[in-house]
Amino acid sequence: MNESPIESTGSATPTRETVHVRTEGRTTWVILDRPPLNILDIATMKQLSRALGRLLDPPGGACDFLIFTGAGTKCFSAGAEVADHAPDRVGSMLAAFHHVFRQIARADCLTIAGVHGHCLGGGMELATFCDFVIATETAEFGQPEIKLGCFPPVAMITLPDLIGPRAAMDLILTGRSITAAEAKTLGLVNRVVPDSALDQSVRDFIAELRALSPAVLKLTGRTARRRMHGDFDAEISKIEQVYLGQLMKTEDAREGIRAFMEKRPASWRGR
């Protein structure tokens with residue numbers, strides 16, 4: 001077993017390593033390491049992208065199974081850093097985050113999210129973009145962006161296909177959180193396991209898959225992913241244009257971010 005951090009960006013002040021990679025043969029664990037909430041700021045997104053580049057770019061890929069997990073006991077990830085939605089950073093944030101999804105969409109290996117605790121916003125987008133989701137009994141899922149005057153770009157593409165348009169609209173437009181059991185009923189989660197058994201349950205699931213043809217698994221997964229996500233590059237680019245060109249220019253989007261940062265209720269003005 002080998003565990004290593006992703007290198008810093010090379011800036012004068014080194015960026016704390018918030019993404020770690022652990023290899024077990026041809027299984028690779030990618031750990032989001034900003035506990036307690038494992039928030040995805042721009043630096044973490046770029047570290048994640050560099051890790052995926054090394055793992056996914058070689059011909060045939062460096063792994064057969066890629067597992068995403070969160071460090072600590074409280075959270076898989078509570079999503080993107082709200083401060084990175086500021087006007088001078090939101091474009092860079094979207095570009096960095098969505099590049100991660102573009103990498104996963106064209107991966108040869110199968111991807112699994114091992115989810116515990118809160119899995120919210122961009123964290124939920126990352127988890128449910130994976131081929132499989134294994135969640136603990138106390139895990140919670142939600143897309144609360146609407147409460148900040150925003151919307152989740154990746155979820156706008158993926159959720160309608162995963163759980164149907166009405167259920168997707170429910171989660172996106174209410175921002176409510178759901179339990180792992182409800183997420184499984186909807187089709188967002190494959191298996192719900194005891195809180196203490198997440199890592200072992202992921203390993204057991206991989207052992208089941210290893211009994212099958214690796215070549216056929218990769219081909220089938222890649223084909224199914226292409227069918228599920230369609231032309232992800234084109235679709236996410238269209239939604240980015242709406243997000244940056246329309247949403248982020250509204251007073252309510254700016255108010256929602258300010259209110260969150262100032263820890264007060266938002267005062268919505270748009271009609």
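Is N38 buried or exposed? N38 is buried, because its relative accessible area is 1%, under the 20% limit for that class. This report describes a predicted model, and it starts with the loop that holds N38.

## Backbone features outside the sheet

N38 is placed in the loop between strand 3 and helix 1. Its phi is positive, about 50°, although N38 is not a glycine. The loop between strand 3 and helix 1, which spans 42-56, also holds P36. The peptide bond leading from P35 to P36 is cis, and its omega is near 10°.

A positive phi is also found at K263, another residue other than glycine, where the value is near 55°. K263 belongs to the segment after helix 10, a helix that covers 251-261. K263 is exposed, with a relative accessible area of 77%, whereas N38 is buried at 1%.

## The hairpin of strands 2 and 3

Strand 2 (residues 19-24) pairs with strand 3 (residues 27-32) in the antiparallel sense, and six bridges join them. One of the facing positions is T23, whose bridge partner in strand 3 is T28. Two residues lie between the strands of this hairpin, and there G25 takes a positive phi near 65°.

A contact between a charge and a ring is also found here. R22 lies over the face of W29, and the distance to the ring centre is 4.9 Å.

An open sheet is formed by four strands in the order 5-7-9-10, with mixed pairing. Its edge strands are strand 5 (75-77) and strand 10 (177-179), each of which pairs on one side only. Neighbouring strands of the sheet are turned against each other by 20° on average, with direction ignored.

Within the sheet, strand 7 (residues 118-120) and strand 9 (residues 140-142) pair in the parallel sense over three bridges. L120 stands opposite G142 in strand 9. Helix 3 (residues 122-129) packs on the sheet and touches strand 5, strand 7 and strand 9. The direction of helix 3 makes about 95° with that of strand 7.

How many of the eight residues of helix 3 are buried? Eight of the eight are buried, so helix 3 is largely enclosed by the rest of the structure. The buried residues of helix 3 are G122, G123, M124, E125, L126, A127, T128 and F129.

Leaving aside residues up to four places away in sequence, G122 touches L40, G79, A80, F97 and E145. G122 and L40 are 82 residues apart in sequence, yet their C-alpha atoms are 7.7 Å apart in space.

## Aromatic rings

The count of aromatic pairs comes to five. In the pair of F97 and F101, the ring centres are 4.8 Å apart and the planes stand at 85°, so the pair is edge-to-face; the cut-off for that class is over 60 degrees. F97 and F101 both belong to helix 2 (residues 90-105), where they are four residues apart, about one turn of the helix.

Ring pairs link F97 and F101 with F129 and F232 into a cluster. F129 is also among the buried residues of helix 3, and F97 is among the residues that G122 touches.

## Cysteines without disulfides

A disulfide is a covalent bond between the sulfur atoms of two cysteines. How many disulfides does the model have? The count is zero. The limit for the sulfur atoms is within 2.5 Å.

For C63, the closest cysteine sulfur is in C109, at 3.9 Å, and therefore too far for a bond. For C75, the closest cysteine sulfur is in C119, at 7.7 Å, which is also too far for a bond. C63 counts as buried because its relative accessibility is 1%. C75 counts as buried too, at 0% relative accessibility.

Technical notes:
Residues numbered from 1 in each chain as written. Predicted model: local features only at pLDDT ≥ 70, side-chain atom pairs only at ≥ 80, totals over all residues. Heavy atoms only, no water. Buried < 20%, exposed > 50% of the residue type's maximum accessible area, 1.4 Å probe, protein only. Pairing = 2+ DSSP bridges. Axes fitted to C-alpha atoms, helices over the stretch in contact; angles between N-to-C directions. Contact = heavy atoms within 4.5 Å. Phe/Tyr/Trp six-rings, centres within 6.5 Å; stacked < 30°, edge-to-face > 60°. Lys NZ or Arg CZ within 6 Å of the ring centre and 35° of its normal.
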